[in-house]
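Have a look at the display, then read on.

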Amino acid sequence: MEAEALVTSLRNQLVDLLGQDTVVTEPHDHEPYCRDWHGDMTSAAVAVLRPRDTGEVAAAVRACRTLDLDIVAQGGNTGLVLGALPDRPERQVVLSLERMRHIRSIDEADFSAIVEAGCVLEELKLGLEERGLFFPLTLGAQGSCRIGGNVSTNAGGVNVLRYGMTRELVLGLEVVLADGSVWDGLSTLRKDNRGIDLKQLFIGAEGTLGIITAVAIKLSPLPERIETALLGVGDLHTAIALYRHARRACCDLVSAFEFMPPSAFTLAREAQPDLPLPIAIDYPAYVLIEISSSGLIDAKQLMEGLLEQAMEESLVLDGVIATSQAQARQLWAIREGMNEGQALRGPHLRTDVSVPLSRLAAFVAEIGAELDDALPQCLAVAYGHVGDGNVHLNVLPPAGATLAERHTLIEQAKKMINFRLDHYHGSFSAEHGIGRLKRDEFEHWISPVHRRLLEALKRAIDPEYRLNPGCQLPPITAR
Amino acid sequence: MKVLVAIKRVIDYNVKIRVKSDHSDVDLTNVKMAMNPFCEIAVEEAVRLKEKGVATEVVVVTIGPKAAQEQLRTALALGADRAIHVETDLRVESLGAARALAKIVEEQQPGLVILGKQAIDTDNNQTGQMLAALTGLPQGTFASEVAVEDGRLRVTREIDGGLETLELTLPAIVTTDLRLNEPRYAKLPDIMKAKKKPLEVRTPADLGVELASRIKLLKVEPPAERQAGIKVGSVDELIDKLKNEAKVIS
Ligand SMILES: Cc1cc2nc3c(=O)[nH]c(=O)nc-3n(C[C@H](O)[C@H](O)[C@H](O)COP(=O)(O)OP(=O)(O)OC[C@H]3O[C@@H](n4cnc5c(N)ncnc54)[C@H](O)[C@@H]3O)c2cc1C
Ligand SMILES: Cc1cc2nc3c(=O)[nH]c(=O)nc-3n(C[C@H](O)[C@H](O)[C@H](O)COP(=O)(O)OP(=O)(O)OC[C@H]3O[C@@H](n4cnc5c(N)ncnc54)[C@H](O)[C@@H]3O)c2cc1C
């Protein structure tokens, strides 16, 4: 009871300091901010703060300092590692950037824009496309995730092989620091070697070093022609050989190269029953490839030429090429439907691993055989951004499994995968970050020197450990 | 039975249409083009008739610029046997297209002609009907089902309030509606094979038809931008806005 009274009093004090409009006080209204995307985990917070501009973010941070509250920044809450989920409800607030969605400027000559952290990725992309500009970050969650969240997780997505991760698309940042001061690093310069590049600290920091309020982003010309094909291939090994070949044959214009097992069709159709099947579904593996071009380069010719040769060399067994954007979308719907299909099958192990591309096929074959052997009752699926050496190696327990059984199977599979991953010098988090979900794996992996560096950084920039404590490293109560 | 299918190269229907700054026309520079969706359905239906053994040959024809050969090749990849390209850079209207098609029908003597019910660029919905008038052949428009039985054609049409089934003598003209079928994807081996299938290029002059436009396009205007909605904080605010801003209640 006493704790509850304390929380109520903190809520009231936040309202006094920041105004009714900024503070969501009703616990009922906290619900969408206090659960993870899959709906597997829920939490609570003292309050949800919804500032409208950078000044209000700074004021919110100062208010939290005054009241000795910790701050969990949140964008679209689509992160997959519980980074935006509070874990100490009695002393944490969620600070949502959702109201900060202005585009401050677009410069067509510089191919850059300055946008606020709360801009929804897809809205941003569509707005830019109307002006012939392209922001290449493309991922399944783009209808909900926000640019500040993308930067904070250094998100990847399907176009990484051509345009790089979010880090490569960021020219500058505006950040509110833990003491409420604002660092204006919103340069749109491509070249700027005035000392250490501070913005890099906040990219991929998952809200532990500062609150990103605006981002200067790097744009590209909008590709005029996009060709999309779905291919049946013999195995992952030939898929990777095809990718190598495609990069050379298409002057490095491959913009996506996704790998899927045949179970992709079943899973996608569990989520979307009327999804058409454009190709026979009994090939050992599938590749979704996209080539995009502008100017005089004819993507269609490139694609057809590439695939003709690849068929002659048996790198490709069969395939379909989309003849319209509508067909291209249907092909992508299979890839995207896989995620939803798996979610419908209940709690399962989701991983996001990378190994050097040259060793990816061997890794997946080896761990696949080990999993089949040890956990024959589970369905293991490997799919994803293979062009980047990145796969999601997920393990789905059988339908009838209880929650406890699922938990045991998940832990067992995770151990096996991480063990094998070590041998291949891979990463247990290629894209999604550490958050709260992968903290144990992170702790286990980092060297003492690595840890010391991270702790020194944290102490220097957020000495009171106010920003997202418990994310990335275990919470350290410094005060 | 020989089936003739007419197809048109149009702006891809997922593309957001831009109007030229002088409002003279739709801006087509660097815009993704594709086969008109209703024409895709027409090709699919013809190929299905061939797979059922009803059709013996599928011939696709288009009237348009050189680039339209891309769509002919797509139709060949989807299963058509040969293609005829009536090449012109003029903006072809329905009547011009119907006249050129009437000549092709005369030459080719198909047992069945399938067209899309309309092209999504100009939405005229009249080429098939005009072709029927020019050739004197019976027509079944807006087909949602097509079957050949005992040398006659049964066409089911979606009309207000239900379905209408017509029986036509052959040869006949059919225009396709959206629910006739779900077009297939072009398969790789077929795309390769399509490159080697015959494609005959003709000119309006050698067909003896005049395609010059009889209609002048005066102006193209984009639809008014829809304003973004807002969230109101309370019922009172909503009522206030309906009263004083939208002025729909008093
Ligand atoms: C003819 C000419 C053309 C050039 N053109 C360009 C150009 O086009 N673009 C451009 O960016 N620069 C250019 N430069 C400058 C450029 O910065 C250097 O040539 C180069 O990058 C520095 O490399 P270096 O090994 O000579 O470093 P040094 O000159 O030896 O050192 C440069 C700095 O790096 C530090 N440093 C060196 N090695 C290490 C290390 N291993 N670990 C930690 N710190 C280290 C040094 O303490 C010093 O502060 C040019 C220079 C010349 C002379
Ligand atoms: C269907 C689906 C597909 C996905 N596909 C991909 C993919 O292909 N590639 C990929 O990399 N990821 C993918 N993701 C996960 C991805 O990380 C997130 O979608 C996205 O980058 C997170 O953005 P968000 O706005 O939702 O951030 P949130 O989930 O709100 O937050 C993520 C982290 O960033 C912090 N944060 C958020 N905003 C700020 C800010 N303004 N300042 C400081 N810290 C902040 C949070 O505290 C948290 O630690 C996918 C997720 C889903 C649900």
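The notes below cover the domains, the ligand shell, some local features and the chain contact.

## About the model

This is a predicted model, in which local features need pLDDT of at least 70 and side-chain atom pairs count only at pLDDT 80 or more, while totals for chains, interfaces and linings use all residues. Residues are numbered from 1 along each chain as its sequence is written, and chains are lettered from A and ligands numbered from 1 in the order in which they are written.

## Domains of chain A

Chain A is divided into domain 1 (2–96), domain 2 (103–221), domain 3 (225–344) and domain 4 (353–423), with bounds that come from an automatic or database domain assignment.

The centres of domain 3 and domain 4 of chain A, taken over C-alpha atoms, are 23 Å apart. Here 15 residues of domain 3 are in contact with 15 residues of domain 4 (contact: C-beta atoms, placed from the backbone, within 7 Å). On the domain 3 side, α8 (236–249), β13 (254–260), α9 (263–271) and α11 of chain A each give two or more residues. Helices (H or I, at least four residues) and strands (E, at least two) are DSSP runs, numbered from the N terminus. That side has 11 nonpolar, 3 polar and 1 charged residues (nonpolar: Ala, Val, Leu, Ile, Met, Phe, Trp, Tyr, Cys and Pro; charged: Asp, Glu, Lys and Arg; polar: the others, Gly among them).

## Around ligand 2

Ligand 2 is surrounded by 37 residues, and the closest are A:Gly75, A:Gly79, A:Gly83, A:Gly148 and A:Gly149 (a residue counts as near if its C-beta atom, placed from the backbone, lies within 6 Å). By class, the shell holds 14 nonpolar, 20 polar and 3 charged residues. The largest share, 4 residues, comes from α5(A). Because domain 1 (2–96) and domain 2 (103–221) of chain A both give residues to the shell, ligand 2 lies between them.

## A hairpin in chain A

Strands β8 (residues 170–176) and β9 (residues 182–185) of chain A pair in the antiparallel sense over 4 bridges (pairing: DSSP finds at least two bridges). A:Leu173 stands opposite A:Gly185 in β9(A). The hairpin has 5 residues between the strands, and A:Gly180 takes a positive phi near 90°.

## Where chains A and B meet

The contact takes 19 residues from chain A and 16 residues from chain B. On the chain A side, α10 (299–312), β15 (318–321) and α11 (325–344) each supply at least two residues. β15(A) pairs with strand β11 (residues 186–187) of chain B in the antiparallel sense over 2 bridges, and A:Ile321 has B:Ala186 as its bridge partner.

Methods: Two residues are in contact if their C-beta atoms, placed from the backbone, lie within 7 Å.
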